[in-house]
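Biologist: I would like to go through the labels attached to this model one at a time, and hear for each of them which value and which cut-off stand behind the word. Could we begin?

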2 protein chains.
Amino acid sequence: MWMDDRSAQAAMPEEAWTIPEVAVAVDLAILTVRSGALKVVLVERGIEPFAGMPALPGGFLAHEAEDVEAAAFRELTEETGLSPESLHLEQLRTYGAPDRDPRRRVITVCYLAFVPGLPSPTAGGDAADANWVPVDAVLRKRSRLAFDHKKILADAVERARSKLEYTTLAAAFCPPEFTVSDLRQVYEIVWGEELDPRNFHRKVTSVAGFLVPTGGRTSRGGRPAALFRRGPAEVLHPAILRTPSRTGRR
Amino acid sequence: MWMDDRSAQAAMPEEAWTIPEVAVAVDLAILTVRSGALKVVLVERGIEPFAGMPALPGGFLAHEAEDVEAAAFRELTEETGLSPESLHLEQLRTYGAPDRDPRRRVITVCYLAFVPGLPSPTAGGDAADANWVPVDAVLRKRSRLAFDHKKILADAVERARSKLEYTTLAAAFCPPEFTVSDLRQVYEIVWGEELDPRNFHRKVTSVAGFLVPTGGRTSRGGRPAALFRRGPAEVLHPAILRTPSRTGRR
DNA sequence: CCAAAAGTGTTACAGGTACACCCATGG
DNA sequence: CCATGGGTGTACCTGTAACACTTTTGG
């Protein structure tokens, strides 16, 4: 009873007990903040099942020896044309329900990527932009995604919302140089909630290592705003909490 | 370029392009707080590779159609003899480096389980208890685990420490009825940090839905302590933060 | 000069820390 | 009656929310 299941099974000649092999896919929820909305890259499926239906970009491992993380980076660069060094990519979760692909057994290791928004970067082709879809529309309507991708996207968005609270990842949605207002818009758009500009400014500029002033200024209508770059900090102390999180108090 | 990789490949007859299939394992970091230490279940491997070396319990999918989550529950009950309904089990992360198993390509979907500690439960056989090993010893020393299990365990412990901050999961380490002191000991042992008993008491009893008084009392040396059951709350507002988390402040 | 956005100051309050103090039991 | 652990009261401090107010641009 206290024996290692795997050891027990592998103790017999390995050909005698067949270890089930399944196809392993990698799917990506690539998020950005653009045109005032949180958007995700979707692709249209060409074949059954779910032909013609939107889906998260992804694919099977390219070959048996491909690293799962490497496959995620490969898909990310294929979809965005961006160099992966500058992007944030993290594993979200693995989805392994036996019936999630009607063709065969597939489990998918899903990743979450944050790419900068406002100034559309290097790969700003027209066809490319059409693949960015507002997540609100995808999640709220009866719009459906292939496979269990709607659930995956919902998990990804919730993870993103949560990570803004206690990490500096919001800056990953911003261009290399950005203002405090840009950053606040990221929070407001991802959280769907307005923040006080004055208090927000004080808060983020007081966290050591979050924002590094470049000395530059931008003017977009009013008093010019100072420009910042991302600092080395990755965690936020203290965190910036969503107000819903404190409404459930007592 | 903007075509779904999977669709493109599957568009040809499926036998023409061979989708690589890999073996999928499920490994568990089963944690408890017992005898004043955070402990994990380890098993001894019977065969190469890593024969005789301790490893996290786990195994391959039992058959091609087995749900990954179901496999995790199966392993958990096999290892602990506990009914899974009462236990906390969550997916930790998937580890998919191509060389993590020298025999063949294996990716492992890892889970994290919290089981109650102090009163050793139903399956309290002697052999069983020998499998509980303090995580400190496993992580600090040059003690090694099979495969990448040491890294997996480190990730699991960090996840556990973090989840105590903002969820009510510490109670999952406690028996059905417990005192505030029991709960505080869980925090102190998992975090390796002493907490003020007076402030801790006030904090946890003031979070709505965390602790439900049963009316019972226990006496273990001093004034009897009130007994509590787990309440319905799953998140902690406000969170109970580790002091290290605020030292990195400015 | 006026609108608009950036940024600072200030007050009120919530929650945390530290610790003095009282309570209830066993020996 | 004393040691031990349970539990409450309270003063101080940090950080947030709300908002008045000043600054600096464009039109």
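Modeller: A:Phe147 is in the loop between α4 (135–140) and α5 (149–166) of chain A, where helices (H or I, at least four residues) and strands (E, at least two) are DSSP runs numbered from the N terminus. This is a predicted model, in which local features need pLDDT of at least 70 and side-chain atom pairs count only at pLDDT 80 or more, while totals for chains, interfaces and linings use all residues, and side-chain values use heavy atoms, with hydrogens and water left out. Residues are numbered from 1 along each chain as its sequence is written, and chains are lettered from A and ligands numbered from 1 in the order in which they are written.

Biologist: Why does A:Phe147 count as buried?

Modeller: The relative accessibility of A:Phe147 is 12%, and buried means under 20% relative accessible area, exposed over 50% and partly exposed in between (1.4 Å probe, protein chains only), so A:Phe147 falls in the buried class. A:Phe147 also has a positive phi of about 50°, although this residue is not a glycine.

Biologist: Is A:Ser35 buried or exposed, and how do you know?

Modeller: With 63% relative accessibility, A:Ser35 is classed as exposed, because that value lies over the 50% limit.

Biologist: Which peptide bond in chain A is cis?

Modeller: The bond from A:His237 to A:Pro238 is cis, with omega near -5°, and A:Pro238 belongs to the loop between β10 (225–230) and α8 (244–247) of chain A. In chain B, the bond from B:His237 to B:Pro238 is cis, with omega near -5°.

Biologist: Why are the rings of A:Tyr187 and A:Trp191 called edge-to-face?

Modeller: A search of the whole structure gives 8 aromatic pairs over all chains. For A:Tyr187 and A:Trp191 the ring centres are 5.0 Å apart and the planes stand at 80°; rings of Phe, Tyr and Trp (its six-membered ring) pair if their centres lie within 6.5 Å, and planes under 30 degrees apart count as stacked, over 60 as edge-to-face and the rest as tilted, so this pair is edge-to-face. Both residues lie in helix α6 (residues 180–191) of chain A, 4 residues apart, about one turn of the helix, and both are buried. A:Tyr187, A:Trp191 and A:Phe200 form one aromatic cluster.

Biologist: How do you know that the rings of B:Tyr187 and B:Phe200 are edge-to-face?

Modeller: Their centres are 5.4 Å apart and their planes are at 65°, so the pair is edge-to-face. B:Tyr187 lies in helix α6 (residues 180–191) of chain B and B:Phe200 in helix α7 (residues 197–206) of chain B, so the pair ties together parts that are 13 residues apart in sequence. B:Tyr187 and B:Phe200 are both buried.

Biologist: What makes α6(B) roughly perpendicular to α7(B)?

Modeller: Two packed helices are described by the angle between their axes and the distance between the axes. α6(B) and α7(B) pack at an angle of about 105°, with their axes 10 Å apart, the axes being lines fitted to C-alpha atoms, for helices over the stretch in contact, with angles from 0 to 180 degrees between N-to-C directions. Angles under 35 degrees count as roughly parallel, over 145 as roughly antiparallel, 65 to 115 as roughly perpendicular and the rest as oblique, so α6(B) is roughly perpendicular to α7(B).

Biologist: What makes you say that the charge of B:Arg93 sits over a ring?

Modeller: The charged end of B:Arg93 is over the ring of B:Tyr95, 5.7 Å from its centre, and the rule asks for NZ of Lys or CZ of Arg within 6 Å of the ring centre and within 35 degrees of the ring normal. In chain A, A:Arg93 lies over the face of A:Tyr95, at 5.8 Å from the ring centre.

Biologist: Why is B:Gln91 called buried?

Modeller: The relative accessible area of B:Gln91 is 8%, so this residue is buried. B:Gln91 is found in strand β6 (residues 88–95) of chain B; leaving aside neighbours within four places in sequence, its contacts (heavy atoms within 4.5 Å) include A:Arg93, A:Thr94 and B:Cys110.

Biologist: How many disulfides are there over all chains?

Modeller: The count is 0, a disulfide being a pair of cysteine sulfur atoms within 2.5 Å. A:Cys110 is buried at 0% relative accessibility, and A:Cys174 is buried at 6%.
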